[in-house]
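Subject: Structure handover and notes

Hello,

Here is the structure for you to look through. My notes on it follow below.

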Amino acid sequence: MNKPAICHVVPPHILDRLAQHEDPVVYEPARRTLEHDAQLRTQRRITTVRGAAAPTGTPSDKPDRTIYDAGHLEALPGRKVHSESDQPSTDATVNRAHAGLGATFELYLKAYGRHSIDDSGLPLIASVHYGDKYDNAFWNGEQMVFGDGDGELFLDFTLPVDVIGHELTHGVTQYTANLDYFGQSGALNESVSDVFGSLIKQYALGQSADRADWLIGAGLLGPGIHGEALRSMKAPGTAYDDPQLGKDPQPATMDDYVRTSRDNGGVHINSGIPNHAFYLLATALGGNAWERAGKIWYATLTGGELDANAQFADFARLTAASARSLFGDGDEIQAVLKAWSQVGVPAT
Ligand SMILES: [Zn+2]
């Protein structure tokens, strides 16, 4: 059976740089994390075909969440420590994972009528305390996995709810457009995860587009790091600038598009461009971003027209078509066209 791509939240360009650091406190966790992530990627080579993962379960309006404790080992899922009906755990990490899975389920159900990741009530499984000072979180095609971070550079990966939403959205993409995890389609895959990750946070906090921080991973970086998050949708390229992490390499427009063979062809880098287009659309429309802007993106991702190897311009054209079919010939379609033109991607 084909396995889906492993989608990590911390990209290799950050870990690479840390791995070359002279201080073992910095390079040891980074090297271990890199080695581990590379092994995972080789074990599970890209990708499922559309619809290959068969939906399971019965759609319900309630999530079915189970949290496991990996006990700092790398065997999944680990020991079962929390199920849906349990009282809150004494472990804050377990409670955050439970709440983050719930916030994700909630946005997809309430805003888009989607029943869990597969739209058929898929149970949500997460393992926490994975590995030793493991500096990442990922969706492995079947479940969520969270490291505790090394405590210096990265804190506990359950802290930002948008990181949880980002990873679970890789699952939604896997069950829908199944965008190839390479080049522009891979950057779209990453961007869609950032968009819905941010919307999950905005929905949970009740924030309108102009109040949201539009950051991915705020609260994840250690206190000594010069930076506020992993990525910024509002101002790609400005999330961090730190002697240890390096500088955020994300472009905001096609003028600064990065050609690279690293990071699956820059999937975590060029995602800045569609991320910024979504931010421009949502703030131009105003109000709650998960409503009009989010519906346009959701319809594009799930509508069945988006090819697995779609390029930015294909995606842009389909968002325009979705805007028109959802909202007619009004502000929405105009705002979609303007947002893409501001980032240099043709949408017509
Ligand atoms: Zn991702």
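A salt bridge here is a side-chain nitrogen of Lys or Arg within 4 Å of a carboxyl oxygen of Asp or Glu. This is a predicted model, in which local features need pLDDT of at least 70 and side-chain atom pairs count only at pLDDT 80 or more, while totals for chains, interfaces and linings use all residues. Residues are numbered from 1 along each chain as its sequence is written, and side-chain values use heavy atoms, with hydrogens and water left out.

Salt bridges

The structure holds eleven salt bridges. Side chains of opposite charge can pair when their charged atoms come close.

One of the pairs is R292 with E332, whose closest N and O atoms are 2.9 Å apart. This pair links distant parts of the chain, with R292 in helix 8 and E332 in helix 10, 40 residues apart. Helices and strands are DSSP runs, numbered from the N terminus (helices H or I, at least four residues; strands E, at least two). For exposure, buried means under 20% relative accessible area, exposed means over 50%, and partly exposed is in between (1.4 Å probe, protein chains only). By that scale R292 is partly exposed at 27%, and E332 is buried at 9%.

Another pair is K110 with E106, where the closest N and O atoms are 2.6 Å apart. These two residues are four apart in helix 3, so about one helical turn separates K110 from E106. K110 counts as exposed, with 51% relative accessibility, whereas E106 is partly exposed at 30%. An α-helix has 3.6 residues a turn, so residues three or four places apart point the same way.

D314 and R317 also meet in a salt bridge, at 2.6 Å from N to O. Both lie in helix 9, three residues apart, which is about one turn of the helix. D314 is partly exposed with a relative accessible area of 27%, and R317 is partly exposed with 39%.

Elsewhere, E190, D194 and R231 are linked in a network of salt bridges.

Helix 9

Helix 9 covers residues 312-327, which makes 16 residues. The expected span of a helix is 1.5 Å times one less than its number of residues. For helix 9 that gives 22 Å, and the end C-alpha atoms are 22 Å apart, so the two agree.

Which residues of helix 9 are buried? They are F312, F315, A316, L318, T319, A320, S322 and A323. The buried residues of helix 9 pack against helix 5 (183-205), helix 7 (272-285), helix 8 (292-302) and helix 10 (331-342). Contact is counted when heavy atoms lie within 4.5 Å. Just after helix 9, G328 takes a positive phi of about 75 degrees.

The two domains

The protein is divided into domain 1 (7-175) and domain 2 (183-342); the bounds come from an automatic or database domain assignment. The C-alpha centres of domain 1 and domain 2 lie 20 Å apart. Domain 1 gives 40 residues to the contact and domain 2 gives 46 residues.

About 3500 Å² is buried between domain 1 and domain 2, and carbon and sulfur atoms give 63% of that area. Buried area is the accessible area (1.4 Å probe) that two parts lose on being put together, summed over both. In domain 1, L107, Y112 and D162 lose the most area to domain 2, together 18% of what that side buries.

How many salt bridges are there between domain 1 and domain 2? The count is one. D16 forms a salt bridge with R262, with the closest N and O atoms 2.4 Å apart.

On the side of domain 1 that touches domain 2, the elements that give two or more residues are helix 1 (12-19), helix 3 (92-112) and helix 4 (161-175). The largest share of that side, nine residues, comes from helix 4.

Regards
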